[in-house]
Amino acid sequence: MGDQERNCEKIVRAFCNAWFETRDVGKTSGFLCADIDFIGTGEQETARGLDAMRAYIITDIQELDESFSVAFPVMKCRLLQADLGSVFTEMILQNSQYAWHLRGFFILRRQSEGWRILSLHFAEPGRSQQQGEHYPQTLVVERLRRQREELLNDTLPGGMMGGYIAEDFPFYFINDQMLAYLGYQDEAEFIADIQGKIINCMHPDDRRRVDAEVSFQLETGDEYTVEYRMKKQDGSYIWVHDLGRRLQAEDGRPAISSVCYDITAQIQAQEEVLRLYNNIPGAVFRCRYDEKLSLVSANDGLFDFIGYTRAEFAELGNQLAAIIEPEDLPDVVRRLREQLRQAKTIHIENRLRCKDGSVKWASVKAQLFMENDESFFDCVFIDITEEKQLRRREKELYERELRYFVEAASGNQSGQGRLNVTQNLLESYLTTANFAVAQVGDSYDQVIAQFAHSSMDPDTGLRIEKQMQREQVRADYAVGKSEYHFEFLRSTREGAFWSHTTFHSCLNPETGELILFFYTLDITEQKLQEQLLDQIVSLNYDIIAEIDAHSGQLRIHASNDPMVPAEDQFSLAIEQFASRYVKPEFIAEYRRQLDLDRMKRTLAEQGPYTFSVEMQDDQGQTRVKVYKVFYLDRQLERLCVTRSDVTEVVRQEQTQKAELAAALNAAQQANAAKTDFLSRMSHEIRTPMNAILGMSAIAAQSLNDPGRTGECIEKIQLSSRFLLGLINDILDMSRIESGKLLLNNGPLLTRRLIEGVSTLCAGQAAAKGVRYRCVVDPSLQAEYTGDSMKLQQVLVNILSNAVKFTDSGGEVVLRASQVQAKKENAVVRFVIRDTGVGISPEFLPHLFEPFSQESTGTTAAYGGSGLGLAISKSVVDLMDGRISVRSEKGKGTEFIIEVKLGVVSSAAEVCGWNSADAASVNQNPRDLDFTGRRILLAEDNAINTEVAVLLLPRKPANRRCGVTRPPARIPTTPF
């Protein structure tokens, strides 16, 4: 029976005693609900509502001269729902006149003030009762039965049914209430579903148990109670409480009539309570208050805590005294007695010895109660082992802090004190006047405020105030944070100093107050050294580390690099750092160089040493690091390792080496080219010079032989022209390399430019048997601005090469067009294509390099200095243009020259080129007609002037001869 059932029984007993024994109307009414329903043993003996019931009780009490004593031979109670209970009792009311046997049916409802009676029905078995009397006079049995059935139908979730006492309980009857509750339309449907046997409406797993329990109870009496699962029409099951009685049916056969009501919700609630009961943190149990504290019942938490199974603990006699630590048992018994003198509630803490031999602390709370003249404890306990250990640890910490506080008072502290956080009070403070920020007796809040305000940095002060607020310190201690460190620049009465202050909170185990100890050190000198070291590191080193060779402990003194070992054990730090940062090919060397034993041997043999490795930072960049290893103190075996980043230095060195190598290579190549050039040029110059000298000597000897003399003079002219071109190329290249080659921008007449170029090259082509063509696009403007002479030099140079490297029968073509025009400038393109020998792909990249020729035999075969194309490329670049070449060996070459020329705003007309013009530029210059032309000759050399004067008369022209030599001017000879 549970606590609620017992409470319901107590209410019924107390109600009957107040009514029939003490005859107290007020007390009796106090046990009733406001909507009480009452049915008495007499006809129409009812009352509804508290006022009507109170009036009935008053009349009842006044009718009797003598009170009753009340006995309860039978009392049965059952919870119908969580807040609804049913009590059935047989009562005997007896006084000096008679004894009256009654049956009482009580329905109770739990309200905020406790259990109260909702419905009450008294009945007298087999007696009669006179009409109008309260006490036994007449009894209408049939009316009573109907009233009872109606009452049950109205108040209980269920109904009535019956079966014959025979195998499987053949069907006897079922009332409409029960049929409806189970979901059947009528009795026939119910009988068909259970096949005429009441046993079939029970769950198959419950049938054997129900049959056994009912049979057993009927052997000793005429009534029984049993609980089982009953099937509904839809196939689902409900739990029912079956209260039955043996009777004789109308046909004389023995039968059973039972009242069944639904207790499914109650069963589910009980199961939930049991689940919660077994899952409550800690243990819940009941034990007897005897010498051994015998266990009556317990949840799973108790056995989980002590490590025994239920069966194993039963073998110990189910005695809690057997698992209480023997040293604690006498004290437990003593404290139980002391606390029970004051109240029936106890609270003790004691140790329990578990099955595995471990000892755990438990905090036990218990309530003493009596049942059947026996004393019991309802107990709850929780595991406080960790809490006890924490308390012991707190006590040790507090005592250790007190010892340190006393010892520190005689040390080199700049200040120390003790703050009572709980009491908001500064209890102790030792310092000098220069450093003082408070005095004993100040509040905690004042001390922290003054301490924070002493910071030279306002932001640091605000951070201290926020972090050291009383409530924050309390909250921190609750979650395990007990230390605070502040390092900052503090002001004093005489100036300022660097302060390192440590706060340490402890719980006073005697008072439970939170105490905050604080210590302040003057670290100014240390701070200055660190700042100096940081400056040194930032300038020279990534890291400075100290290694204790005895313990292998690593200490980082300063670091200017995120690549820092995370371990404080040197060997572990090296392994972790190597695997994370050092490039694989350097790991073995890194480990070897930083092996502690090898470091000591190397330092002993050769003193400080350095080595370098390559690493990869977190961004994947390769860095070159140089390590230096040396002793800080040989006697103490303290080593120092520094690391420097030399990545940029190495890169600069590599770049410089590469640049020097490239420059050296270029110089060597240039020197080789110039050497080769000088060698070839000496040969090239000697060859025409020897020809000139030789032909001059032959001509002098052959003055009487005009034919021979003319042949010599012709060869002298040929060699002289070759020599002049060679010297001009060398001079141009010299000006280019010295940066003295300048453009002379002026009017550039397109037609004159193309005619001049074609005149020079067409003759060469004709002499060699090469066809020369000039194709001019009509889009060309008549006039541009630019250096006409330099552009002509470029075109003549490339055209001459085209003719030179094209065999007889081949073709050289010059095409000119305008490809782009803007307001201020235009791009003019010249394309020179030949069908000559072509250029190999391997030589094309070197085509425009000075002194370069495709083969050493080129000069011998074709002549030339190897400077023409280099000069042409430089001139085109100066003209903001570009020159490109396409060539195929044995098929020919195509040069494309694009230059940017200025646009003349007044030159709107185009060049006006036609086929006749093209024919004129393609003719041999020897066929040019100078008839009627005037010629002006300007020359700075008298011999050259004389030669020109002698040559020009061969062409018919109007001429005047004269030589003037004005000072500082170029001599001119007009014709």
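**Briefing: a predicted chain of 975 residues**

At 11% relative accessibility, Glu546 counts as buried (buried is under 20% relative accessible area, exposed over 50% and partly exposed in between, with a 1.4 Å probe and protein chains only). The model is predicted, so local features need pLDDT of at least 70 and side-chain atom pairs count only at pLDDT 80 or more, while totals for chains, interfaces and linings use all residues. Residues are numbered from 1 along each chain as its sequence is written, and side-chain values use heavy atoms, with hydrogens and water left out.

**Overall make-up**

- The protein chain holds 27 helices and 35 strands; these are DSSP runs numbered from the N terminus, with helices (H or I) of at least four residues and strands (E) of at least two.
- Of the 975 residues in the protein chain, 41% are buried.
- Among contacts in the protein chain with a separation of 6 or more, 54% join residues 24 or more positions apart; a contact means heavy atoms within 4.5 Å.

- Beyond its neighbours within four places in sequence, Glu546 is in contact with Gln553, Leu554, Arg555, His557, Leu632, Arg638 and Leu639.
- Asp548 counts as buried, at 16% relative accessibility.
- Leaving out residues up to four places away in sequence, Asp548 touches Gln553, Glu637 and Arg638.

**Nonpolar cores**

- The largest nonpolar core has 43 residues, and Tyr772, Phe830 and Ile897 have the most contacts inside it; such a core is a set of buried Ala, Val, Leu, Ile, Met, Phe, Trp, Tyr and Cys residues joined through side-chain atoms within 4.5 Å.
- Elements giving two or more residues to this core include helices H22 (750-768), H23 (788-804) and H25 (868-878), and strands E28 (771-776), E30 (811-821), E31 (825-834) and E33 (892-903).
- H23 supplies the largest share of this core, eight residues.
- Phe830 touches Leu753, Leu791, Leu795, Leu814, Arg815, Ala816, Phe895, Ile896, Ile897 and Val899, with residues up to four places away in sequence not counted.
- Another core, of 35 residues, lies apart from the largest one and has Leu64, Val70, Cys77 and Trp100 among its members.

**Aromatic rings**

- The count of aromatic pairs is 32; rings of Phe, Tyr and Trp (its six-membered ring) pair if their centres lie within 6.5 Å, and planes under 30 degrees apart count as stacked, over 60 as edge-to-face and the rest as tilted.
- Tyr609 and Phe611 form a stacked pair, with 6.4 Å from centre to centre and 25° between the planes.
- Phe611 and Tyr627 are also stacked, because their ring centres are 5.1 Å apart and their planes are at 5°.
- Phe611 lies in strand E24 (residues 609-616) and Tyr627 in strand E25 (residues 622-633), so this pair ties together parts that are 16 residues apart in sequence.
- Phe611 is buried at a relative accessible area of 7%, and Tyr627 is buried at 4%.
- A cluster linked by ring pairs contains Phe15, Trp19, Phe20, Phe38, Tyr56, Phe106 and Phe122.

**Charges over rings**

- Arg253 lies over the face of Tyr164, 3.5 Å from the ring centre; a charge sits over a ring if NZ of Lys or CZ of Arg is within 6 Å of the ring centre and within 35 degrees of the ring normal.
- The charged end of Lys360 sits over the ring of Phe305, at 5.0 Å from its centre.

- At the start of helix H6 (residues 187-194), a side-chain oxygen of Asp186 comes to within 3.3 Å of the backbone nitrogen of Ala188.
- Asp206, Val210, Val214 and Leu218 are buried in helix H7 (residues 204-220).
- The buried residues of H7 pack against strands E9 (223-231), E10 (237-248) and E11 (254-262).

**Cysteines**

- The count of disulfides is zero, a disulfide being a pair of cysteine sulfur atoms within 2.5 Å.
- Cys354 is buried, with a relative accessible area of 6%, and Cys774 counts as buried at 6% relative accessibility.

Conventions
A polar contact is a pair of N or O atoms within 3.5 Å; within protein, one must be able to donate a hydrogen and the other to accept it, and residues adjacent in sequence count only if both atoms are side-chain atoms.
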